[in-house]
Every structure is written in structure tokens, then in C-alpha cells.
Amino acid sequence: MPGFAPPVGAYTDLMNRLFDLQSSAAVQDLAPWRDKYPGVEVIESAVRGHPGHVLAAASRGAELVVVGSRGLGGIAGALLGSVGHAVLHHAHCPVAVVGSRRANS
């Protein structure tokens, strides 16, 4: 969920609905991977906040945090995004930054 707050209280219900929809979509996106790798424990947790800060805080109980890098090609491919940057600097465990196959081809 994006780490922004609605500018006016009137949007609170809409933002809560959006959060619920995105949380449900994430569960559905994980379903094929759960089926393919049933021995891998997955703990679902939907939270609000900047992803870098949320992942860094969650790293306190982790052995490894894996973040993606979109790698848009050229110089952009060498740059780390704000999420990866925040996690690398604030994580409490090792961090792996993984590029997409598209970026590596």
C-alpha cells in the first residue's frame, strides 16, 4: 500500500477499501507460488507505510530481506530505488537486491 495519507478525511473509506483490495490481490498473486512450493512458509502481513521503512522494521525478525530492482536499463539500471536504498541502510539482517530477468537480458 502506498505510504501516503489521504489529504482529507472524506477519502478515508476509499483508502481503506483500496488497501483491502490491494491486500486481497497480493494474496491471489501468491497463490500459484504457494502451490508450487508448499514447503516454503509464507507469512502474509498487509501494512501501511513506506515500503522501505516497513521492510527495514520487519527485518528485525528475518534472516534475509530480498528486494527487487526494476533495472530500467542504461544508467537507470545501475541505480537503486528508494525502497532498496532504505532497506539496505536500515535493515537488521542481510539484504539481497535482485534484478528482473528483463533488466538482465
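Before I read out the fold, a definition: helices are DSSP runs of H or I with at least four residues, strands are DSSP runs of E with at least two, and both are numbered from the N terminus. This is a predicted model, in which local features need pLDDT of at least 70 and side-chain atom pairs count only at pLDDT 80 or more, while totals for chains, interfaces and linings use all residues. Residues are numbered from 1 along each chain as its sequence is written, and side-chain values use heavy atoms, with hydrogens and water left out.

Along the sequence, the protein runs α-α-β-α-α-β-α, which comes to 5 helices and 2 strands. Of its 105 residues, 12% are buried, where buried means under 20% relative accessible area and exposed over 50%, with partly exposed in between, for a 1.4 Å probe and protein chains only.

Let me turn to helix 4, residues 82-90, where G84, A86 and V87 are buried. Why do we say that these buried residues line one face of the helix? Seen down the axis of helix 4, they fall within an arc of 165 degrees, so they share one face; the arc is that of the directions from the helix axis to the C-beta atoms. On the face turned away from that buried side, helix 4 carries the exposed residues S82 and H89. The cover over the buried residues includes helix 2 (51-58), strand 1 (65-69) and strand 2 (95-99), and it rests on contacts, meaning heavy atoms within 4.5 Å.
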